[in-house]
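Q: Hi! Could you walk me through this structure, one piece at a time?

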Amino acid sequence: MRITYPDSIRIIRLPCTGKVDVIHMMKAFQRGADGAYVVGCLEGECHYLTGNLRAKKRVEYTKKLLDEIGIGGERLEMHNIAASDGPRFAQVAKEMHEKIKALGPNPIRGAIPGQRPSLEGVA
Amino acid sequence: MIVAEKKPIDEIIGFVRDYRKILLVGCNECVTVCYAGGKKEVEILASALTMAFMKEGKELEVKEVTLERQCDHEYLEEIRNIIDEYDAAVSLACGVGVQFMAEKYFRTPVFPGVNTLFMGVTEERGVWAERCQGCGKCILGETAGICPISRCAKRLLNGPCGGSTKGKCEINKELDCAWQLIIDRLKELGRLEDYEELIPIKDWSTERAGGPRKVIREDLKQ
Ligand code: SF4
Ligand code: SF4
């Protein structure tokens, strides 16, 4: 399969989305990411049973926090994609890219010295 | 443990709005266990405040520290050397810790980062519930180990009241009637006759009604 996805996306690999903590997502934005999304396995198919469900709740929590500080919770999402589903992965990447482009840059981007990071993805 | 909840970020932003250098101080005990003011929460708050300031085009320098406890001189002393470098401090300990820090560091504005709620237990992951109100004269020995002062909405010493329905309290259908729990447990312990004993009127002077309390142990005091 030669499927492409937007090159604005940087992938950070983790053994399980259950490893994603609120602080990781916050730091992505603090360092200037315009958007971030967590890609987990399909619900009910977590190798560690509930990792992706816990991640989902943490994403929800972080979205609220981002709203409260004016960064915008809509810049952060969680997606569940089967590990074998390359086309869906590329599709979601494209959708996220479009969505974040429409939202514009991270409002604190200008305040971060010497940094112009692009869309950041956490997988 | 003492159970607390994070304060809304808006409120904390309001406290520190006019400062440039702040110290965020977590506590490694109770508030860590209830996920309100431990190292992790300090990190998240630091990040959130930094971004909130950046967004307004302001700079904020945040230093994060988490002490073993904030209710003991010994640990609070650990920030003595650095506290004067900061315009203000936000303590994420319970109200006890916040006050002790404010007492100790008289010239530094100290703000609370959490709302302190009660003394309670972790019923399950993510759920904490009240168990004791520190009445100063524990009656658990008479009540099968279940505290009607903290768990009965009316603090009845000889319950239940007429509002107890199917084991639940009339103020909230989710809430167990403390007196139902007491009776059930007395039954289980084969001590139902204890229920017949009236508990006398309680001397509330050992509780908050008697003013702020203090314990002095002459044998330990220096
Ligand atoms: S300061 Fe409060 S939260 Fe920290 S250990 Fe003491 S009582 Fe517990
Ligand atoms: S009787 Fe008093 S000391 Fe005992 S658990 Fe209840 S409130 Fe706490």
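**Strands and a ligand in chain B**

A: Let's start with S4(B), which is joined to strand S5 (residues 110–112) of chain B by three bridges, the two running parallel. Keep in mind that this is a predicted model.

Q: Which residue stands opposite Val110(B) in S5(B)?
A: That's Ala89(B). Ala89(B) is also the bridge partner of Leu23(B).

Q: How many bridges pair strand S2 with S4(B)?
A: Four, and strand S2 (residues 21–27) of chain B pairs with S4(B) in the parallel sense.

Q: Are the faces of strand S4 covered or open?
A: Both faces are covered. Ala88(B) and Val90(B) are buried on one side, and Ala89(B) and Ser91(B) are buried on the other. In general, side chains of a regular strand alternate between the two faces of the sheet.

Q: What do S4(B), helix H6 and S5(B) make?
A: A right-handed β-α-β unit, with helix H6 covering residues 95–104 of chain B.

Q: New topic: what's the strand order in the open sheet of three strands?
A: The order is S1-S6-S7 in chain B, and the pairing is antiparallel. Strand S1 (2–6) and strand S7 (127–132) stand at the edges with a single partner strand each, so one side of each has no neighbour in the sheet. On average, neighbouring strands here are turned by 70° against each other, direction ignored.

Q: And which residue in S7(B) is the bridge partner of Met119(B)?
A: Cys132(B). Cys132(B) is also among the residues surrounding ligand 2.

Q: How does the shell around ligand 2 divide?
A: Into seven nonpolar, two polar and one charged residue.

Note on methods:
Residues numbered from 1 in each chain as written. Chains lettered and ligands numbered in written order. Predicted model: local features only at pLDDT ≥ 70, side-chain atom pairs only at ≥ 80, totals over all residues. Heavy atoms only, no water. Pairing = 2+ DSSP bridges. Axes fitted to C-alpha atoms, helices over the stretch in contact; angles between N-to-C directions. Near = heavy atom within 4 Å. Nonpolar A, V, L, I, M, F, W, Y, C, P; charged D, E, K, R; others polar. Buried < 20%, exposed > 50% of the residue type's maximum accessible area, 1.4 Å probe, protein only. Right-handed = clockwise from strand over helix to strand, strands pointing away.
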